[in-house]
Amino acid sequence: MNLEKTLYDAYGFTSFRPGQKEVIEKILSGEDVIALLPTGMGKSMCYQLPAQLLEGSVLIVSPLLSLMQDQVAQLKKMGEKSVTAINSFLDAQERSAVLNNLGSYRFIFISPEMLVQPYIKSKLRDIRISLLVADEAHCISQWGFDFRPDYLRISEILPVLGHPRVLALTATATAKVTEEIKRYLKISEPFIYSHPMDRKNIAYDCKKFSNGHEKLEWLRQFVKTNSGPGIIYAGTRNKSQQISELLNQAGIRAAYYHGGMEHQDRIFVQQQFQNGELEWVCSTNAFGMGVHIPDIRHVIHFQIPTSIEGYVQEVGRAGRDGSPALATLLYSAGDEEMLESLVLDDLPTRNEISEIFRSEDGGGQLVSQGIVRQTSFRIVSYWKTRLTEQQTIRQIEQQKVEKIKQSAKIKKLITIDSCFREYLLDCFDEQLDSKPADCCINDGLDYSKFLSGRKTIAAATKTVTWQNRLDAILPC
Amino acid sequence: MLFEDILITLLKAVDGERTISSPYHLLKGKKSGQTLQDIGYYKLHPYFGILPKLEKDVYDRAVQGLFKKGLIVTDGEVVRMTEKASAVKLAPTLLNGWKFRGNEQLFMARLSLLVQTLSHIHQNSRVFDPVVIAEDTQQWVKNYLKKINYRDSASCKNIKEGIVQSLNAVEVDESNKMIVLQRLSGLKIGGLTWEQIAREESRSIIDIQVQAVETLHGWMEVIEKGDFPLLRSLLDGVIQHSALTETARRTEGYFKNGRTLEEIAALRGLKTSTIEDHFVELAMNDPGFDILGFMEASLYAKIIAVSRTQNTKRLRDIKENVPEASYFQIRLALATKGEIQ
């Protein structure tokens, strides 16, 4: 079989990217596969191509709605029409239309919550699923930085589907997490493809300040003397707004982006960034998915990120074009405390646990009443069906210990005087094969390659009247 | 219209008869009996549901502003306008929330995707990330494009011309029309976020949003009434022809088949008080509603007279003067706005 020909005929690409072919061949020969591929390395092709060759449908379980929407949009953009997504955005009418024709779709995206609903399960039982894809499979790990309890339930669906072959995809997983993926997805002897994580064109820098004010001042100077495009990751929504405000005041074209904004506004910020109308996006970790910009030159972390995995993923958005890009980590004294609270804030509190255990009808109203947060609700509800209240508290305590360990790992970045690259790889149980000439702050950095100075970008042609703007949009 | 002016308008109407949160529910478009009734009693149709995503803290801050400016004061549970507020001149509004029911968002979504598509296609760019991801809107726009022969540059010109002419006819400030245009995007031109528009205009986000809704309402009205066939299609299914809520419409169906209030409640498995709410809604919206099936003409006249002479629409005040009437009868009578002779 000529896979290259299928690749070209179906998607117009002439060659595979590293890893894709190995993974696809194993899938086609009927094996289960765990593929650890960095974002931007064409993960989705690993199931797109098999879908062209296998009979029946490919079922892709995707934990994040925004990610799912982006994948559907990307597939459609490639001209794929036979694709649907089953998630909470569908209204009853749309959903029944989709479910009644389920077998006719080549790609079916689904959220884990939907996957386990009895009616949907029965519909899935009736059709032929040739491949089950667990996207962002690290979410399965309760020790992971992005644990989604619903994800553990994928195993419930496997017998219903007649045990199709399984493809688990993730950008970042430690050996421990890989083991958990195997266990929970019940794949005993998968083929594991692990792409080297190291990105040679990214150099790591770190700047330390004695207080937050100095840090902001440095950032102001930096953006005034360097061009984007770049992403500045802030720890909180508020901070992302503040930094954006600061940049705008300095006459730099920047916008903020976070999960609290309405959907349309978020799309607009992505559009502007993609168009080059913005130089910087100041964002929480919500920004990144669905952003396909190859020439991001800077990723700046305004404070210590909450996990090594998250850090590596965010940094990995820079320099997709292969040209030099700089990852700058900013630190000022006292940031650790904020880190601690950010990390532990995600976990359910004792009070939330006991409220959910005390509620008789599941406790959904606790969220709307503002007594329990959405994520806490999701996590505790899962454990409630399996553990007692005391056991759940212990479970969460263990997670807390694990999270503190994780944050210790990331905090170490600030204090080490050895190689950043080596340390990061070590966190993923990988060995460094060779160092690029410009490696990291501790190994010597020639900034001239990364700090290209500031190109003066012509101010966006300001359209004065609405008629002008319409003419610009529709010059017909 | 500015957000503060809307609050003043709403609070003026219910002056001394409602709590401070009643305008909030109305602006959010809450479909409770109380809110729906207030719309009819106080003629607040323009403002119903114009800000479905209004956040409580934004509302509270604006209300605090009114207190600080000395425009309103609390009086027990209710709010009263001060004399200073009575002096505030309010301009007429193009808002028509009751008619459009938040569907200006659907109109805008269709228009956004249509304009974005035309912008790309007519500049030889075939692939782009759609600005609207809702499946049904995408499907709708695809069908529409097929019908208008969209690759033809004449179609693009016609649509653009239609936009210019119809928007020209909308009687709002030019800067408000700009807001709507800034929410549209095309090849290499991104849409602007509310915050970006607000910063550029040095106004608050909520004011920008209100002005966008008002402009859209005015615009949709122009398109509906005028001769803009290409744009008129964008309103298909957008303008609701019955002003009733879905559930009230079902109750109406049973009622027209001769069922009594109690029977409808039993058939639908709803509380009689809920069905009463539906009747009030019917009375409010249907000029032909026969109120005399629910009370003697003399009782009706008495309720209306008390409401007028005491200048009140508070149920409790009227009940004190007309103890023989039930609350339901009072609500029904008020719902007809005293227009029945």
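Predicted model: local features only at pLDDT ≥ 70, side-chain atom pairs only at ≥ 80, totals over all residues.
Residues are numbered from 1 along each chain as its sequence is written, chains are lettered from A and ligands numbered from 1 in the order in which they are written, and side-chain values use heavy atoms, with hydrogens and water left out.

Let's start where the chains meet. Chain A brings 38 residues to the contact and chain B brings 42 residues, where contact means heavy atoms within 4.5 Å. About 3,600 Å² is buried between chain A and chain B, and carbon and sulfur atoms give 57% of that area. Buried area here is the accessible area (1.4 Å probe) that two parts lose on being put together, summed over both. On the side of chain A, Trp466(A), Arg469(A) and Cys476(A) supply 22% of the area that chain A buries against chain B, more than any other three residues.

The rule finds 5 salt bridges across the interface of chain A and chain B; a salt bridge is a side-chain nitrogen of Lys or Arg within 4 Å of a carboxyl oxygen of Asp or Glu. Lys76(A) and Glu135(B) meet through their side chains in a salt bridge, at 2.9 Å from N to O. There are also 21 residue pairs in polar contact across the interface of chain A and chain B, both residues at pLDDT 80 or more. A polar contact is a pair of N or O atoms within 3.5 Å; within protein, one must be able to donate a hydrogen and the other to accept it, and residues adjacent in sequence count only if both atoms are side-chain atoms.

Which element gives the most to the side of chain A that touches chain B? Helix 12 of chain A does, with 10 residues. Helices (H or I, at least four residues) and strands (E, at least two) are DSSP runs, numbered from the N terminus.

Turn next to the rings. Over all chains, the structure holds 20 aromatic pairs. Rings of Phe, Tyr and Trp (its six-membered ring) pair if their centres lie within 6.5 Å; planes under 30 degrees apart count as stacked, over 60 as edge-to-face and the rest as tilted. Tyr47(A) and Phe107(A) form an edge-to-face pair, 6.4 Å centre to centre with 65° between the planes. Tyr47(A) lies in helix 3 (residues 45-53) of chain A and Phe107(A) in strand 4 (residues 107-110) of chain A, so the pair ties together parts that are 60 residues apart in sequence. Both Tyr47(A) and Phe107(A) are buried, where buried means under 20% relative accessible area, exposed over 50% and partly exposed in between (1.4 Å probe, protein chains only).

Finally, two residues of chain A. Gln303(A) sits in the loop between strand 12 (298-301) and helix 13 (308-315) of chain A, and at 8% relative accessibility Gln303(A) counts as buried. Its side chain reaches the backbone nitrogen of Gly235(A) at 2.9 Å. Leu216(A), in helix 10 (residues 212-225) of chain A, is partly exposed, with a relative accessible area of 25%. Leaving aside neighbours within four places in sequence, Leu216(A) is in contact with Leu246(A) and Phe302(A).
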